[in-house]
Amino acid sequence: MIFFVNTALNYKMSGIEVSQVEQIKLLDEHNIKAKIVTTDYLPDLHSTLEQNELVEDQSINLYDFLEQNDSFLKRTTNIDNLHFPNTWDVQKTNTGYDYAFNNHKVVQVTFWENNYRQINTVSFFNQNGDLYKEEVWNSLGYKELERFYDLSGNKSLENIIDPNGKVVCQIHYSVNELNEIVPSLFQWINYKNKNLTFINEEEMIQFFLIEINKAEQERNNKLNYFIFDRPSKFTSVCLNIQMKSYKFLRIHSNHINYLNDNNKEINSNYFMALKNLSIWDGIIVSTKQQKKDLQKIVGEQKPIIVIPAGYTRNNKKQVSWDERKKAEIIYIGRFSLEKNQRDAIKVFIEINKRVPNAHLSFYGYVNDDSLFYLQKMVSENHLENKVHFYEYLPKLDDIYNKAQLEILTSYTEGFSLVLLEGLEHGVPQISYDINYGPRCFIKNYENGLLIKPGNIKKMANEAAYLLENDRLLKKYSKNSYKISKEFSADVVWKSWDNMFKQFN
């Protein structure tokens with residue numbers, strides 16, 4: 001069994017989660033059993049699995065496992081299932097309903113996906129308007145959590161509830177030395193006929209990983225593979241764990257801090273993992289270049305395996321160039337400092353001077369306050385009708401198929417799945433020549449261009465020239481479709497197969 005270990009799997013997925021989902025599907029096609037392992041409480045996990053065309057057996061969550069819940073039948077739980085007094089006033093909101101008594105709000109109900117059919121949360125307020133209790137209903141339609149608040153408005157206790165309505169875990173909260181409200185005690189009730197107590201989350205995760213490893217080994221009598229995709233969260237968990245299995249460090253980003261590249265300072269997300277190499281049986285990266293660079297740090301201490309984070313299916317419909325929107329430029333990626341969309345806007349300001357019909361569209365979820373400053377930048381340059389910001393979309397086929405050009409101005413990447421996706425959809429690309437990924441996908445003057453990071457003028461001139469030369473863009477598009485075959489599912493599977501042979 002291959003376990004891809006992560007904290008969460010939510011609707012708005014980063015490249016790590018997208019990669020995990022796609023690798024699970026690829027391994028399944030070759031009869032290799034694999035699961036995404038998640039350790040956070042995730043009330044929307046089951047709808048996210050459905051959204052990504054995964055079945056329940058391809059996922060295992062800490063809370064579902066420890067509450068011994070393997071029944072995932074969906075039911076509808078709507079407002080009719082809540083029996084509030086008829087004397088309460090009801091007001092419909094954008095996300096649900098507010099209930100009031102004597103002009104004081106007493107209950108607030110929200111729904112999943114704003115559809116008013118499946119309850120998400122029910123919040124209760126005292127006479128002073130303070131929140132004192134919250135119920136969370138998962139996407140399957142079951143009340144799964146009760147959360148209680150103290151007089152200061154801080155979380156004090158959470159009850160985890162199984163599908164039969166029974167409390168199976170209590171999580172107690174307290175204030176730590178940094179004055180933060182954190183879980184301080186986990187008490188699981190009647191797990192395999194005994195009660196469990198954990199003084200912190202790390203201890204609970206260790207127990208969980210040991211249990212799933214043991215259960216799977218009892219079934220197949222083979223060593224399992226654990227691939228830790230978020231080492232910043234799990235390295236400390238692995239330091240003291242006693243678990244016979246293969247453990248791999250998966251690096252999804254640049255292992256060097258991009259803000260201090262000259263100093264070769266290790267990225268904080270990987271610092272502890274790379275300082276404790278004895279934990280790992282191997283390290284997985286996405287590109288040959290990163291393997292070469294990482295070997296300067298690791299040497300021969302651990303094998304470094306190259307397995308691309310994504311692949312192409314080569315079954316995408318090749319879009320006629322005439323179907324694409326004239327001078328449509330796209331930038332795909334979460335809104336964060338690291339993605340450096342600020343430079344993309346600077347580039348577009350210059351493009352707009354030569355190609356006045358051009359448009360730039362951003363797609364992604366908000367990761368920090370970058371979006372606020374990007375919108376301000378657009379407003380100051382009076383580009384509101386030409387630069388557009390859109391929410392995260394789980395499926396981007398239509399977006400890629402309408403675009404004439406994709407740009408990337410990130411400070412750093414680990415692979416850049418969005419460039420691979422653009423390649424697969426025949427989108428010409430211009431990117432900063434950064435570590436790692438763009439050099440794998442873009443062949444200069446064949447399907448796009450690589451530009452020295454920070455050279456706004458050069459990128460703008462090259463992009464404008466392309467947008468003014470439809471015949472050249474069309475050629476780049478055809479070449480993109482061809483180059484995408486170098487990252488086919490069969491090619492990536494061979495990388496997995498080689499790893500299994502090496503460690504079997």
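Colleague: Why does F124 count as buried?

Modeller: F124 has 15% relative accessibility. Buried means under 20% relative accessible area, exposed means over 50%, and partly exposed lies in between (1.4 Å probe, protein chains only). F124 therefore counts as buried. This is a predicted model, where local features need pLDDT of at least 70 and side-chain atom pairs count only at pLDDT 80 or more, while totals for chains, interfaces and linings use all residues. Residues are numbered from 1 along each chain as its sequence is written, and side-chain values use heavy atoms, with hydrogens and water left out.

Colleague: What makes the ring pair of F124 and Y132 tilted?

Modeller: Rings of Phe, Tyr and Trp (its six-membered ring) pair if their centres lie within 6.5 Å; planes under 30 degrees apart are stacked, over 60 edge-to-face, and the rest tilted. By this rule there are 34 aromatic pairs. For F124 and Y132 the centres are 6.4 Å apart and the planes stand at 45°, so the pair is tilted. Y132 has 37% relative accessibility and therefore counts as partly exposed.

Colleague: And why is the pair of F84 and W88 called stacked?

Modeller: Their ring centres are 5.4 Å apart with the planes at 25°, so this pair is stacked. F84 has a relative accessible area of 18%, and so is buried.

Colleague: Which residues do ring pairs link into a cluster?

Modeller: The cluster holds F4, Y225, Y246, F248, W493, W496, F500 and F503.

Colleague: Which lysine lies over the face of F124?

Modeller: That is K133, at 5.5 Å from the ring centre. A charge sits over a ring if NZ of Lys or CZ of Arg is within 6 Å of the ring centre and within 35 degrees of the ring normal. K105 lies over the face of F125 in this way, at 4.8 Å from the ring centre.

Colleague: Which helix gives the most to the lining of the second largest pocket?

Modeller: That would be α4, with four residues. Helices (H or I, at least four residues) and strands (E, at least two) are DSSP runs, numbered from the N terminus. Each of α2 (45-51), β3 (59-61), α3 (62-66) and α4 (201-220) supplies at least two lining residues.
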